[in-house]
Amino acid sequence: MMLRLKTTPFHPRTEAIMQANQWRRWGGYSVASAYEMTHDREYLAMRNACALLDVSALYKYQITGPDAHAFLDRLVTRDISQMQPGGMAYTPWCDSRGKVVDDGTICRLDEGTFRLTAADPNYHWLEENAAGFEVVIEDVSEEIGTLALQGPCSREVLAEVFGDAIRELPFYGIIHLEDDLQVSRTGYSGDLGYEVWVPKQRALEIWDRIVEKGRRYALQPAGIWALDVARIEAGLIMLDVDYTPANKATTPAQASTPYELGLGWSVHLKKPHFVGKKALAREKAEGSALTLVGLEIDHDRLAQEHEKIGLPVHYPFVPWREIVPIFDEQQQVGYATCGSWSPTLKKYLALAQVKPGSSENLHVDIMVDRYRKRFDAKVKKLPFFNPPRKRG
Amino acid sequence: MKHYDAIVIGGGHNGLVHAAYLAKAGRQVLVLERRHTVGGATITEEIHPGFKFLIGSYLISLLRPQVIQELELAKHGLELLPLESTLVPLTNGDYLADWPDHDMTRRELLRHSRRDAETYEEFSLTMRRLSLAMKPLLDLFPPDPTSLAPRDIEQMARIKGVLGHMQRKDFHTLCRLCTMSIADFLDEWFETQPLKAIKCTSGIIGTFMGVRSPGTGYVALHHYLGEIDGVRRSWAFPKGGTGAFAQSIANAAKAFGAEILENAPVHQVLIKHGAACGVVLEDGREFYADRVISNADAQRTFLKLVPKEHLPDDFLWDIQRFRSASPACKVNLALDGLPTFSAVPKGNEQLLRGSIEIAPSVDYLEQAYDDAKYGGWARKPFMDALIPSLLDPGMAPPGKHVMSLFVEYASSEIDWTPEKKAQFLEVVVDTLAEYSPDLKSKIIHKHIMTPHDIQEVFGITNGHIFHGELSLHQLLFLKPSPQWAQYKTPVRHLWMCGSSTHPGGCITGAPGRNAAMELLKDWSA
Ligand SMILES: Cc1cc2nc3c(=O)[nH]c(=O)nc-3n(C[C@H](O)[C@H](O)[C@H](O)COP(=O)(O)OP(=O)(O)OC[C@H]3O[C@@H](n4cnc5c(N)ncnc54)[C@H](O)[C@@H]3O)c2cc1C
């Protein structure tokens with residue numbers, strides 16, 4: 001059999017615990033939407049104990065050479081010139097129009113070695129932009145398996161697996177362990193969490209060790225649905241869902257800038273030239289077309305409207321991903337891109353992009369049985385959920 | 001004797017589309033086809049008992065979706081089976097495949113080149129944007145940019161509107177693509193030989209130019225303008241072959257009230273007081289109508305069917321030098337079973353359901369052209385192969401197969417004696433057998449259409465599959481002659497609706513439809 005999607009280095013383990021064949025595609029791999037029949041427990045573990053996620057499908061590039069640091073600093077919008085070995089940073093990177101190409105993390109593994117993660121293939125983009133820099137770019141996506149352990153107990157579990165060094169790891173720090181693997185304090189859940197970067201040959205061993213130690217802490221393997229709920233609560237954006245990457249957009253209007261995606265904090269216009277700087281400086285001065293907001297949809301009224309006609313209301317437990325128009329009193333002012341019921345906050349949340357200066361009181365149309373009705377969608381500050389333990 | 005509103009000379013797919021639109025608008029239409037059946041170059045023939053051969057065209061992509069909808073071709077029998085993959089077997093035993101899936105194709109390309117795997121997406125997106133921008137031009141009559149007539153100015157504005165939506169960078173790419181050779185253009189994107197080669201082939205289909213000849217970039221773009229169910233750059237096999245497609249249009253035309261007469265070769269267009277008023281057949285029968293529309297190619301129409309004295313000299317001169325030398329042959333094989341290809345790994349046989357391209361490198365393609373350009377044939381020809389019986393079992397008896405091979409280059413200038421035909425057929429089979437060792441043992445019957453045969457059987461001058469080269473000097477407002485590029489001709493009431501007119505050859509239905517729109521407008525004016 002040849003025509004199959006790729007499987008990650010952890011596949012023998014993930015396949016064994018898959019209960020309902022809920023696989024999905026991610027970056028050319030089959031990965032789990034949920035291992036259990038529903039993703040409830042997987043999500044709850046992430047907020048109350050810890051959840052183990054196979055995120056190997058991320059693209060990973062290793063950048064070395066005398067100009068590696070300078071090159072990356074010029075590539076991305078964030079000022080990473082001060083990054084020390086053991087440091088890590090989240091950042092978007094843009095094309096010359098200031099449109100986001102991708103977003104991910106950069107870590108400095110040692111003096112001259114950096115690693116960049118991305119949601120989409122970026123090898124060509126990196127190469128093109130490396131013209132004039134003395135760097136070597138290597139696609140190590142398939143060499144390295146990545147596990148994310150997210151949740152309040154994640155620190156205890158990893159300390160048991162790898163020793164007390166884990167406890168010293170600061171938010172967005174990365175350390176080398178056992179010769180050939182690294183642990184970073186990063187993740188996509190908006191909670192306390194870590195990511196473990198392992199050579200693919202050791203993938204199963206590491207999975208087993210983490211699961212073994214995690215047993216006492218109610219560790220639960222989790223799929224993408226659980227992660228998606230958590231990242232919406234955390235107000236973290238996702239490529240292809242919340243924005244179309246610049247090089248995939250058919251028209252410029254389809255692509256987004258960091259300011260439009262709520263990533264203005266990661267654009268450092270004071271640093272020397274970087275790709276997209278001119279356009280972003282202009283946007284900063286002139287204002288953006290859109291801005292990212294969190295929305296809280298009035299689920300109580302949604303429930304009432306259902307009750308009125310004798311129906312139970314539906315809870316969007318599995319996050320939806322589509323473009324849904326958002327209105328003020330007069331007209332459409334933007335669009336939501338994803339939404340989910342938050343079991344932690346007990347609220348119906350959505351991420352949206354709206355015109356700057358729009359009212360805080362917006363509306364969204366939702367089907368109640370067979371008829372469309374308008375409901376309140378209040379603008380809320382992001383992240384919706386931000387526990388102190390994330391950085392603590 | 002019955003007097004028609006319109007007589008269409010030729011029942012090729014464009015003639016049929018044209019007739020159907022006129023009939024749909026309530027006109028009395030008669031189609032006169034010289035052969036025993038309509039279809040022209042879109043035809044399926046049972047050359048060997050039980051085996052249906054595609055002696056002309058074989059795949060559909062550029063067919064305008066409006067034609068399918070407006071003529072209700074599905075109701076009249078059209079069924080399109082999309083092709084899913086492209087396979088390029090290589091001489092070193094490896095292969096390159098375009099899988100039906102994005103992730104699979106990316107992985108396949110990664111095997112060959114990491115860089116190309118990534119550029120591929122950018123390339124596809126760029127080509128998609130270019131074809132999106134260009135596509136509306138297919139459905140517009142080409143305006144004359146030197147004319148001050150309101151209709152030309154209006155149309156220019158419309159085109160400006162279409163192109164004005166393009167991003168600047170794309171517009172620059174478009175201009176370069178149209179004027180470059182396809183090989184040079186692709187050199188800027190890719191490094192993998194077979195990938196470049198396979199992408200090059202769109203630039204030379206039907207064209208007597210090499211992959212390194214400037215202008216082949218445009219031909220490639222032409223082939224990118226197609227779509228099946230909105231999927232760009234995809235090809236489909238019509239169930240029953242392209243002949244069944246032609247029959248579906250004929251059925252539609254008849255349902256709208258058109259009459260179709262087969263075995264009716266037109267000898268001459270009848271002209272009275274400078275205006276066409278009918279035709280006379282080779283057997284002497286005469287038919288009269290207010291308008292006569294020729295589906296035959298421009299050279300056949302104006303050098304054979306219209307008496308010279310009715311045509312201006314400069315127009316005649318344009319038509320005489322219209323470039324139509326052709327390099328394309330068509331080979332069909334009846335096979336006792338499915339041939340195997342040494343490059344296809346076990347378990348991947350599904351790749352045989354798609355296109356199979358004998359195009360291992362850019363040099364291979366250019367060499368094939370070099371061999372033929374002085375009036376010879378390629379010693380190792382380029383081939384675009386398809387096994388239609390894998391898609392539609394009705395094409396061959398159970399367990400047996402037919403294989404269709406589009407072959408280049410073999411010059412229309414060769415004196416195609418039966419011996420030469422047999423020789424070139426051997427060259428084709430030998431070349432293919434290098435990739436499929438058991439091919440020869442499975443051949444029950446083989447059949448070739450040389451450019452000469454295409455001329456004789458389909459009535460196309462020099463056998464040029466597009467009714468004349470798709471090169472810049474004879475496109476848009478220059479097709480087939482400046483000032484006569486809007487389906488009208490220098491003879492009043494004589495119109496054109498075939499592939500020599502905008503937007504040119506391929507199964508598109510566009511010349512037929514556009515000409516009908518213009519004629520109907522002109523009629524009511
Ligand atoms: C070998 C080959 C392979 C091809 N492959 C493809 C393909 O896979 N996909 C694709 O899209 N395109 C393909 N093409 C091109 C495509 O088939 C043609 O461009 C298209 O079919 C032309 O259609 P038409 O109606 O304009 O002309 P034609 O099909 O040439 O029709 C003209 C008709 O006029 C008739 N006629 C001519 N003179 C007279 C007369 N004096 N009296 C009465 N009738 C007359 C002819 O018999 C013919 O039926 C191929 C062409 C050939 C030859």
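A: Contact here means heavy atoms within 4.5 Å, and by that rule the interface takes 24 residues from chain A and 19 residues from chain B. This is a predicted model, in which local features need pLDDT of at least 70 and side-chain atom pairs count only at pLDDT 80 or more, while totals for chains, interfaces and linings use all residues. Residues are numbered from 1 along each chain as its sequence is written, chains are lettered from A and ligands numbered from 1 in the order in which they are written, and side-chain values use heavy atoms, with hydrogens and water left out.

Between them, chain A and chain B bury about 1,900 Å², of which 53% falls on carbon and sulfur atoms; buried area is the accessible area (1.4 Å probe) that two parts lose on being put together, summed over both. Three salt bridges are counted between the chains, a salt bridge being a side-chain nitrogen of Lys or Arg within 4 Å of a carboxyl oxygen of Asp or Glu. In one of the salt bridges in this model, the side chains of R25(A) and D103(B) meet with an N to O distance of 3.3 Å. Across the same interface of chain A and chain B, 10 residue pairs are in polar contact, both residues being at pLDDT 80 or more. Such a contact is a pair of N or O atoms within 3.5 Å; within protein, one must be able to donate a hydrogen and the other to accept it, and residues adjacent in sequence count only if both atoms are side-chain atoms. On the side of chain A that touches chain B, the elements giving two or more residues are β4 (59-64) and α4 (123-129) of chain A, and the largest share, four residues, comes from α4(A). Helices (H or I, at least four residues) and strands (E, at least two) are DSSP runs, numbered from the N terminus.

The assignment for chain A gives domain 1 (11-58 + 142-222) and domain 2 (291-390), with bounds that come from an automatic or database domain assignment. Their centres, taken over C-alpha atoms, are separated by 30 Å, and 10 residues of domain 1 of chain A are in contact with nine residues of domain 2 of chain A. About 880 Å² is buried between these two domains of chain A, and carbon and sulfur atoms give 52% of that area. The count of salt bridges between them is one, while that of residue pairs in polar contact is five. A salt bridge also joins the side chains of R389(A) and D191(A), at 2.5 Å from N to O.

Chain B is divided into domain 1 (3-44 + 59-80 + 239-322 + 467-524), domain 2 (114-191 + 202-234) and domain 3 (325-458). For domain 1 of chain B and domain 3 of chain B, the C-alpha centres lie 30 Å apart, and 11 residues of domain 1 are in contact with eight residues of domain 3. These two domains of chain B bury about 690 Å² between them, 56% of it on carbon and sulfur atoms. In domain 1 of chain B, R34(B), R35(B) and L59(B) lose the most area to domain 3, together 48% of what that side buries. One salt bridge is counted between domain 1 of chain B and domain 3 of chain B, and four residue pairs are in polar contact across their interface. K239(B) forms a salt bridge with D392(B), the closest N and O atoms being 3.7 Å apart.

Chain B also holds an open sheet of seven strands in the order β7-β6-β16-β17-β18-β15-β19, with mixed pairing; two strands pair if DSSP finds at least two bridges between them. Since β7 (95-98) and β19 (443-449) of chain B stand at the edges with a single partner strand each, one side of each is left without a neighbour in the sheet. Neighbouring strands of this sheet are turned by 20° against each other on average, direction ignored. Helix α16 (residues 451-458) of chain B packs on the sheet, where α16(B) touches β15 (328-335), β18 and β19 of chain B, and its direction makes about 80° with that of β19(B); axes are lines fitted to C-alpha atoms, for helices over the stretch in contact, and angles run from 0 to 180 degrees between N-to-C directions. Within the sheet, β17 (residues 377-386) and β18 (residues 401-410) of chain B run antiparallel and are joined by six bridges, with L386(B) standing opposite S404(B) in β18(B).
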